[in-house]
Amino acid sequence: MKRVIKNGTIVTASDKYVADILIEDEKIKSISDQIDEPEAEIVDASGYYVMPGGIDPHTHMDMPFGGTVTADNFETGTIAAAYGGTTTIIDFCLSDKGKSLKSALEKWHSKSQDKAVIDYGFHLQISEINEDVLNEIPETIEQEGVTSFKVFMAYKGVFQADDEVLFKILVAAKEHGGLVMVHAENGDVINYLTTKALAEGKTDPIYHALTRPPEAEGEATGRAAKLTALADSQLYVVHVTCEEAVEQIAEARSKGFRVYGETCPQYLVLDQSYLEKANFEGGKYVWSPPLREKYNQEVLWNALKSGQLQAIGSDQCSFNFNGQKDLGRDDFTKIPNGGPFVEDRFSLMYSEGVHKGRISIHEFVDMVSTQAAKLFGLFPRKGTIAPGSDADMVLFDPAVERTISAKTHHMNVDYSALEGIKVIGEPVSVFSRGKYVIKDRQFVGRPGMGSYLKCNKFGLKAKDEAKATTLIKNS
Ligand SMILES: NC(=O)NCCC(=O)O
Ligand SMILES: [Zn+2]
Ligand SMILES: [Zn+2]
């Protein structure tokens with residue numbers, strides 16, 4: 001099957017130009033001023049940006065957490081992702097203590113295959129380390145194509161791992177070409193503060209934020225960065241929310257350590273005051289790390305612009321307000337942590353970032369797609385528009401104005417944490433490996449059309465290389 005996307009404005013992390021794109025089977029075959037292919041189907045992209053499909057490096061689909069299971073699974077979650085312009089997710093596979101890493105991956109494959117409508121890879125969460133786990137890591141990287149390992153420094157008694165586990169994983173990752181990811185909050189301090197708050201009768205959602213202070217995130221981020229330096233390894237800090245954490249990442253990077261960071265749209269547009277909404281409405285905004293005081297938003301935008309943070313993940317982890325979030329109506333620690341963002345990540349970043357003049361359109365593409373492809377071993381198959389790359393593309397209308405609402409979103413969740421926020425720009429059509437998933441704003445894909453992606457080993461200094469390439473091109 002051949003398709004030509006005509007007259008669109010192609011935008012990548014480094015370039016913007018009008019040209020035609022020939023798609024043959026699943027790949028981009030060629031890009032040229034004018035492509036005339038008599039047998040090809042023509043797609044008119046005049047007036048649209050043609051951008052690489054979004055890559056969301058942080059999702060939790062069909063994940064058991066907080067005594068319940070996320071509202072979105074790999075089918076509903078990836079359909080929503082596709083509506084939002086995302087063509088690849090990298091989901092967190094949870095491993096069980098005492099069981100093999102292979103069995104965890106098998107479980108995640110059975111949750112996702114036949115369901116996902118876009119391509120997907122896995123990060124593997126690890127909370128214990130022993131000889132068996134260490135022996136499985138090389139095979140996990142080489143054969144399973146899982147090259148990133150997640151350690152939670154918080155959620156005491158559930159996922160939390162100690163520094164010995166983190167350090168051993170950092171050493172193993174260095175040796176075998178993996179990238180270690182951390183949820184950086186000091187879980188022991190948080191455990192003390194939450195227990196104390198409950199004993200004092202402080203049960204409302206706002207105490208979720210007040211018992212997880214930014215210092216606890218900054219401390220854990222700095223500790224993880226220092227252990228990374230000691231192991232001469234590589235680290236990706238997920239969902240960075242505050243000045244205290246950004247400072248630690250910037251300091252490590254200034255010393256030349258391979259420390260990378262991600263933030264999420266929710267931390268750029270919402271703040272701690274949302275947790276104070278009356279009638280338990282604040283429970284809708286409970287996730288970890290928590291929303292912060294507003295000044296942190298500018299800190300995060302600046303960190304993205306200056307390259308201290310590289311990528312944008314959604315941290316999609318949806319729970320219904322009715323029946324799930326309300327498990328914690330009388331005790332904020334029982335509110336399942338997480339929010340629904342996979343559908344809005346791409347458009348929100350365009351609208352708040354590019355439309356409002358905070359970032360360039362190239363920085364936008366870099367943050368929502370290219371950097372994740374580079375850091376997680378998918379580039380250049382994913383994350384760009386170039387001959388030989390997968391034909392994962394978004395036709396994006398930058399002129400549409402719309403309002404985010406649970407009434408119109410496609411996530412399987414009964415509220416939107418972004419309800420009422422106006423955005424400029426909308427994905428009109430979305431291609432996954434050359435096939436329409438979204439055509440003229442309608443889902444036309446089918447469950448199972450997404451493929452599992454084996455990721456390549458970590459490539460050193462992905463961000464720095466990207467910057468160097470841009471500088472050479474612009475000079
Ligand atoms: N973020 C959150 O509250 N839930 C998902 C799990 C995690 O990323 O910490
Ligand atoms: Zn986390
Ligand atoms: Zn997460």
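## Val-50 and its contacts

Setting aside neighbours within four places in sequence, Val-50 is in contact with Ile-5, Gly-8, Thr-9, Ile-10, Ile-21, Ala-45, Ile-385, Met-393 and Leu-395; contact requires that the C-beta atoms of two residues, placed from the backbone, lie within 7 Å. The model is predicted: local features need pLDDT of at least 70 and side-chain atom pairs pLDDT 80 or more, while totals for chains, interfaces and linings use all residues. Residues are numbered from 1 along each chain as its sequence is written, with chains lettered from A and ligands numbered from 1 in the order in which they are written.

## The nonpolar core

Val-50 is among the residues that touch the most other members of the largest nonpolar core, which has 138 residues. Such a core is a set of buried Ala, Val, Leu, Ile, Met, Phe, Trp, Tyr and Cys residues joined through C-beta atoms within 7 Å. A residue is buried if 20 or more other C-beta atoms lie within 10 Å of its own, exposed if 12 or fewer, and partly exposed in between, with C-beta atoms placed from the backbone.

Of the 475 residues of the chain, 55% count as buried.

## Lys-150

An unreviewed UniProt entry annotates Lys-150 as "modified residue: N6-carboxylysine"; such annotations, given in the numbering used here with shortened feature names, may be inferred rather than shown by experiment. Lys-150 is buried, because 25 other C-beta atoms lie within 10 Å. Apart from neighbours within four places in sequence, Lys-150 is in contact with Phe-92, His-123, Leu-124, Gln-125 and Met-181.
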